[in-house]
Amino acid sequence: MNDQLLENAELEFLEDTLMKYGDDFSILNASELEGYFTALVSGPELIPPSVWFPAIWDGRAIEWEDPEEMKRFIDLALQLMDSVATLLMESPEQFIAMFEQREVDGKLEDAPEEWCFGYMRGVALGAWQLPPAEAALLETISLHGLEENFDALDEMSKEQFIHSTTLIDPAVRALHAYWLSKRSHLMPSVSVGPRVGRNDPCPCGSGKKFEQCCLH
């Protein structure tokens, strides 16, 4: 997974927290969360945490049991997003999506659905208007990330399915490069991971400024 952007224990904490507070309409695992963040840092515009954080939970306000739990989740989420952004900016050829794996006939195989669902969730937050070539690249991801395409997946042979999964990472790199070339106001030396300003709305959804809520 991208040279292990987070430690296993950190990924487990993110996933446990997503499951604890999530429902059928929210992001529920670390793979989906990474896909979501990958789209957010790859798109045509930077989306503020006040928008993307509530969208993790499908817009629901979370009643956190412990402020420290909330702070750790936000810190690790931002760290994961920033790590993905930095990798795609500085070493895109090294990017490998963190797919889940499933056992088939005693062997582990990539299961890209959750990651791609997260990516398409991130795409939905941005104004993605793509020319035909790039739209075709996005279709290689949406094939596994939209329920409407499940029938097409079911009709594939095992070899066709495996081949379709190998197209996802190159498509992600190409789409990031496309939008990066359009974002002339961003300098390559600047991380594209959205940061929370002191006076921005806190991403926890409390309605308070960040400095008056989770900053400390």
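Read along the sequence, the chain follows the pattern α-α-α-α-β-β-α-α-α-α-α. The model is a predicted one. Colouring by secondary structure will bring out nine helices and two strands. The chain has 216 residues, of which 48% count as buried. Among the contacts with a separation of 6 or more, 68% are made by residues 24 or more positions apart.

**First stop: α1 and α2**

Select helices α1 (8-21) and α2 (30-42). Their axes come within 9 Å and cross at roughly 95°. Angles of 65 to 115 degrees count as roughly perpendicular, so α1 is roughly perpendicular to α2. To see the contact itself, display L11, L14, E15 and L18 of α1 together with A30, S31 and L33 of α2.

R72 lies over the face of F13, at 4.2 Å from the ring centre.

**Second stop: the nonpolar core**

In soluble globular proteins, nonpolar side chains tend to be buried together. The largest nonpolar core of this model has 54 residues. Select F37, W52, I56 and Y119, the residues with the most contacts inside this core. Then show the helices that each supply at least two residues of the core: α1, α2, α3 (49-56), α4 (67-90), α5 (113-125), α6 (132-145) and α9 (168-182). Which helix gives the most to this core? That helix is α4, with 12 residues.

Next, centre the view on Y119. Leaving aside residues up to four places away in sequence, Y119 touches G35, Y36, T38, A39, S42, W128, L138, I141, V172 and L175.

Show the rings of Phe, Tyr and Trp. The count comes to 16 aromatic pairs. Select W57 and F73, which form a tilted pair, 5.5 Å centre to centre with 45° between the planes. W57 lies in the loop between α3 and α4 and F73 in helix α4, so this pair ties together parts that are 16 residues apart in sequence. Are W57 and F73 buried or exposed? W57 is buried, with a relative accessible area of 0%, and F73 at 0% relative accessibility is buried as well.

Now move to F99 and W115. Their ring centres are 6.0 Å apart and their planes stand at 80°; planes over 60 degrees apart count as edge-to-face, so the pair is edge-to-face. F99 is in the loop between α4 and β1 (100-104) and W115 is in helix α5, so that the pair links distant parts of the chain, 16 residues apart. F99 counts as buried at 13% relative accessibility, because buried means under 20%. W115 counts as buried at 0%.

**Last stop: G59**

Return to the loop between α3 and α4 and select G59, which is found there. With a relative accessible area of 55%, G59 is exposed, whereas W57 in this loop is buried. G59 and F25 are 34 residues apart in sequence and 9.6 Å apart in space.

Key:
Residues are numbered from 1 along each chain as its sequence is written. This is a predicted model: local features need pLDDT of at least 70, side-chain atom pairs count only at pLDDT 80 or more; totals for chains, interfaces and linings use all residues. Side-chain values use heavy atoms; hydrogens and water are left out. A nonpolar core is a set of buried Ala, Val, Leu, Ile, Met, Phe, Trp, Tyr and Cys residues joined through side-chain atoms within 4.5 Å. Buried means under 20% relative accessible area, exposed over 50%, partly exposed in between (1.4 Å probe, protein chains only). Helices (H or I, at least four residues) and strands (E, at least two) are DSSP runs, numbered from the N terminus. Contact means heavy atoms within 4.5 Å. Rings of Phe, Tyr and Trp (its six-membered ring) pair if their centres lie within 6.5 Å; planes under 30 degrees apart count as stacked, over 60 as edge-to-face and the rest as tilted. A charge sits over a ring if NZ of Lys or CZ of Arg is within 6 Å of the ring centre and within 35 degrees of the ring normal. Axes are lines fitted to C-alpha atoms, for helices over the stretch in contact, and angles run from 0 to 180 degrees between N-to-C directions. Angles under 35 degrees count as roughly parallel, over 145 as roughly antiparallel, 65 to 115 as roughly perpendicular and the rest as oblique.
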